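My notes are kept in the order in which I looked.

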Amino acid sequence: MLYLAPLNYSITNNMIMNKFIAGTLLLLSFNGLALANQKNETALWHKHEIRFTSDKEYANPIYDIKAFTIVFTSATGREKTVNGFWDGERDWKVRFMPDEPGEWSWQSTCSDKDNSGLHGKSGHFSCVKGVEDLEIYKRGAIKHPPGKYYMTYDDGTPFFWMGCTAWNGAMKSTGADWDYYLQHRRDHHYNLIQFVTTQWRGGDSNLDGDLAYTGSGKIEINPLFFQKLDERVDRINEFGLVAAPVLLWALPFGAGRHLSPGYHLPVDEAVLLASYIVARYQGNQVIWILGGDGRYFDEFTERWKTIGQRVFNEIDHAPATLHPHGRSYVGDIYAGESWYSVMGYQSSHGFSQRTVDFINKEEVANDWDKLRPMPNINMEPIYENIRQNQTPENVRNAIWWSLFATPIAGFTYGANGIWPWVEEDGGPILNHGVAPWTVSWKNSLELPVSREMEYLYEFMDQFAWWEFYPDKGLLLEQPGDNQYDDFVGVLSNQDRSQILVYIPKNGTISIRNPFGFSYEARWFDLKRNQYTSADITSSPGLLTITQDSDTGMVLVLTSD
C-alpha cells in the first residue's frame, strides 16, 4: 500500500508541488519494481529478495543454523557474500542490493547440508538500470573511499551527511505519520535517518507492543517485529533518504539499561542479534551504527572490537560506525578496525565549557589528522528543546562548531520530541527525565534550528565543501581562549582562495593573510538565511573584521 504524505496542514504551493512530484516518483519506483520482479529483474541499487522454504523446522533457528550464506556473482565475475535470515516458521530469505547491471547468479550454502531447501540452491536474476531521479538510486550506495575525510555515492559524488535523530520513529510511528516525517525531512534537505531496531532503554516495544527478541542469555528472535520494521526502513529509502539503523543500543548506565541489548546480552548473543539485523537490511541503502550510546573503551574495548569483527568481517557490508555516549572519543581505539568507516562521536546535551571544549579543543579537533582518514560526524549534538533554559543559539553553535572542528563531512540534528516520538506536547519519555516543555515530534519539526538546517545544507552546497580543512592558525588570536563559547572556527581550502569563519558572537577578529590575497567578503546569517557584504580592514599580512550581529554568522572570504 502506498502512503502519501497528508496535506491537511498549511503549506505553500511549492511544497504541494514538491509532494506531488515526490509521490509521482514513488509511484514510478513501485511500478517499475513490480514490473522488474515479474521478469526476475531488479533495478540497480535496489533491494533484490530471494525466498527459501526450509525442509525442516528448528526449535531456535538462529542457533540451529550456524550459517546460511549466499554468494552473488556479477556478469563481470565479481563476488559478494551476504547472509540469509529466518523470517518465521519455515520461511528464509536473502536480501541483496546489486551494484552492477547485467546478469547475476547466486549459490547458497547452509551449515545443515541435509536441508535441501536451504543448502545448494542456485539461481540468477537480471539487474537493470532504474528510472528514478533519487540520488541514492541514480548515484549509488554510500561508501567511504579510502584516504578521504568524507563519504561519497558509489559514482564518487561527495555525500554531505545531514542526519536527523528518530531513535523511536521506526518502531513507534504509524505509516501515515512516518511518511509525514520523512517527507518533511526530504523537503528540507535532510538525507539520513538514525533509528533504533530493537527494544531499548528509550522504547520497550514497538507501537503494537511487540518485542524484537526475548531472553537475556539465549535469545529468540520475533520475525513479526521485524516484518513491521521492514516497512519503515523501506520507506526511508523510497523517500530518497539513507537509513542509519542502530543495531545494539548499549548505554551501560542509567535507568532502563537492562533493556539495551548492547549492554546486557553476552557477546555471542549480541553478535547473533546484530548479524540478524544486518542480514535483514543489507539490501537497503544503509550506514550501520553497530552500537548506540555505548561505552566502547577501557573494559569494554575488546567486547566491541570482537562484536564488530564477527558481525562484519566475513561479509560485504555498508559503512559502519559506533555511536559513543556523551563526550567520549573512540577514534584512536577503532581507527585500526577494518570494519569501522566513520568516526562517530556525541558531544552530548549541555552547553557548558566542558561540552564546548570537547568539540573545539580536545581529541575531536586535535586528532583527526593523526589517524586513518575518515569522516568525523557529531551524531548527537545537543537536542533542540531538551532543556528549558537552552536557546536555539546553543543548538546552532554545537552544530556549526562540529562542522568546523574537522574536515567537513556532515552532522546529525536532534530534537527532544522527535527521537522518542512524543505524540503530544509534554508527553512522557521512557527512562528519561521529566521534560514537560518538550513539544511533540510533529511540532518539533518546526523548531527554529530544525528549519535552519535547510539553510545550512544550501550554504554548504554552493562550495566544494569536501576541500575544506580546519585552519586554526589563520586566527591571530582565538577569542575562545578567553571565553569558551566565543570560540571561532576557521576552514580553508588548500590554496586559501576560500576561507570560512564561524563567529558565534559579536566582536572583532583578525585573520592572517600570508599571501596578501584580495578577498571579496560577505556574511551569511545562519538564523535568517541572508547574505550581506562584509567590511574588512586590510593591513600587510592581516585582515580585521567586526561581527556585530545578534546571532552566529559565517564570514565567507573568496579571493578575487
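**Basis.** I am working from a predicted model, in which local features need pLDDT of at least 70 and side-chain atom pairs count only at pLDDT 80 or more, while totals for chains, interfaces and linings use all residues. Residues are numbered from 1 along each chain as its sequence is written, and side-chain values use heavy atoms, with hydrogens and water left out.

**Helix pair.** I looked up helix α8 (residues 267–281) and helix α9 (residues 301–312), whose axes come within 9 Å and cross at roughly 40°. The two are therefore oblique to each other, a word for angles that are not under 35 degrees (roughly parallel), over 145 (roughly antiparallel) or 65 to 115 (roughly perpendicular). I also noted that the crossing of α8 and α9 is right-handed.

Asp-293, which is not glycine, has a positive phi near 60°, and its place is in strand β17 (residues 288–294). Asn-431, also not a glycine, has a positive phi of about 60° and is found in the loop between β21 (410–413) and α14 (441–444).

**Accessibility.** Is Asp-293 buried or exposed? At 10% relative accessibility Asp-293 counts as buried, whereas Asn-431, at 26%, counts as partly exposed; buried means under 20% relative accessible area, exposed over 50%, and partly exposed in between, with a 1.4 Å probe and protein chains only.

How values were computed: Axes are lines fitted to C-alpha atoms, for helices over the stretch in contact, and angles run from 0 to 180 degrees between N-to-C directions. Helices (H or I, at least four residues) and strands (E, at least two) are DSSP runs, numbered from the N terminus. A crossing is left-handed if the near helix is turned anticlockwise from the far one by less than a right angle, and right-handed if clockwise.
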